[in-house]
Amino acid sequence: MSDNVHGNKPRYSVPSVQEICVPETFLKKQKAHVKNEANAAEIKAAEQKARAVNRGIIIKKAENYVREYRQKERDEIRLRRQAKSSGNVYVPAEPKLLFVVRIRGINDVHPKVSKILQLFRLLHLNNGVFVRLNKATANMLRVIEPYVTFGPPNLKTVRTLIYKRGFVNVDGQRIPITDNDVIQNNLGKLDVICIEDIIHEIYTVGDHFKEVNRFLWPFKLNNPTGAWSKRKFKHYCEGGDAGDREADINRLVQSMI
């Protein structure tokens with residue numbers, strides 16, 4: 001009262017922590033935030049644990065695949081040597097897998113040819129796809145032979161294509177293969193959980209070749225180093241680029257990546 005008499009302003013004290021009333025909405029929000037952080041930490045720990053387990057499985061699978069590929073090469077060499085020692089000629093088995101590259105554009109294309117190219121997903125120039133070789137695909141390749149070049153790829157070509165130019169089809173979108181999660185989320189039900197599983201399924205033409213091949217987006221390649229030959233649309237045997245070029249497809253693909 002004496003302060004007011006002398007004309008001084010009244011003095012105010014800073015409230016203590018106990019005297020401050022915290023809004024109920026703030027407390028609820030804070031509690032929910034703590035709960036969400038705890039749930040996120042649990043989910044992250046579970047994902048890390050599952051990733052560690054998958055990593056061990058993937059390493060074992062890769063080791064088994066390497067042993068399988070090496071055993072196949074050794075068997076091939078052994079059969080060649082046996083045939084040579086007995087005075088015979090070793091004839092390898094017919095290839096089950098082809099890599100097909102479109103070398104011709106859209107001008108003057110017959111509707112039947114256009115439909116087959118669409119079935120093979122070869123919609124653009126320099127597109128490439130893996131194809132299982134059977135009677136039906138062989139007949140279709142015969143029809144579109146002037147528009148494509150093809151041959152059986154080796155393991156190095158399959159691996160290089162998928163690692164360097166591999167994209168996958170997720171809900172109609174072209175997604176790069178940045179990690180194994182995108183593969184496991186879409187093909188895990190087929191026991192295909194990593195990129196090595198995709199390579200093995202494609203190269204060996206496994207039981208799930210169709211699903212895995214459809215999951216891969218058609219490969220977009222460059223023009224080959226040194227460009228196409230001047231007589232590009234003639235058959236490969238006649239000095240052109242069209243048609244079956246057998247093992248030379250590997251050299252072509254390496255120059256187009």
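A residue counts as exposed when its relative accessible area is over 50% and as buried when that area is under 20%. The legends below refer to a predicted model.

**View 1. Lys-164 in helix α5.** Lys-164 is found in helix α5. Its relative accessible area is 61%, so Lys-164 is classed as exposed. Between the C-alpha atoms of Lys-164 and Asn-185 the distance in space is 21 Å, and the two residues are 21 apart in sequence.

**View 2. Packing of helix α5 against helix α7.** The crossing of α5 past α7 is right-handed.

**View 3. Residues in the contact of α5 with α7.** On the α5 side, the contact is made by Leu-155, Val-158, Arg-159, Ile-162 and Tyr-163. On the α7 side, Ile-195, Glu-196, Ile-198, Ile-199, Ile-202 and Tyr-203 take part. Sorted by class, this contact of α5 with α7 holds nine nonpolar residues, two charged residues and no polar ones.

**View 4. Cysteines Cys-194 and Cys-237.** Cys-194 has a relative accessibility of 1% and therefore counts as buried. Cys-237, in contrast, has a relative accessible area of 68% and is exposed. With a disulfide taken as a pair of cysteine sulfur atoms within 2.5 Å, the count of disulfides is zero.

Technical notes:
Residues numbered from 1 in each chain as written. Predicted model: local features only at pLDDT ≥ 70, side-chain atom pairs only at ≥ 80, totals over all residues. Heavy atoms only, no water. Left-handed = near helix turned anticlockwise from the far one by under 90°. Helix = DSSP H or I, 4+ residues; strand = E, 2+ residues; numbered from the N terminus. Contact = heavy atoms within 4.5 Å. Nonpolar A, V, L, I, M, F, W, Y, C, P; charged D, E, K, R; others polar. Buried < 20%, exposed > 50% of the residue type's maximum accessible area, 1.4 Å probe, protein only.
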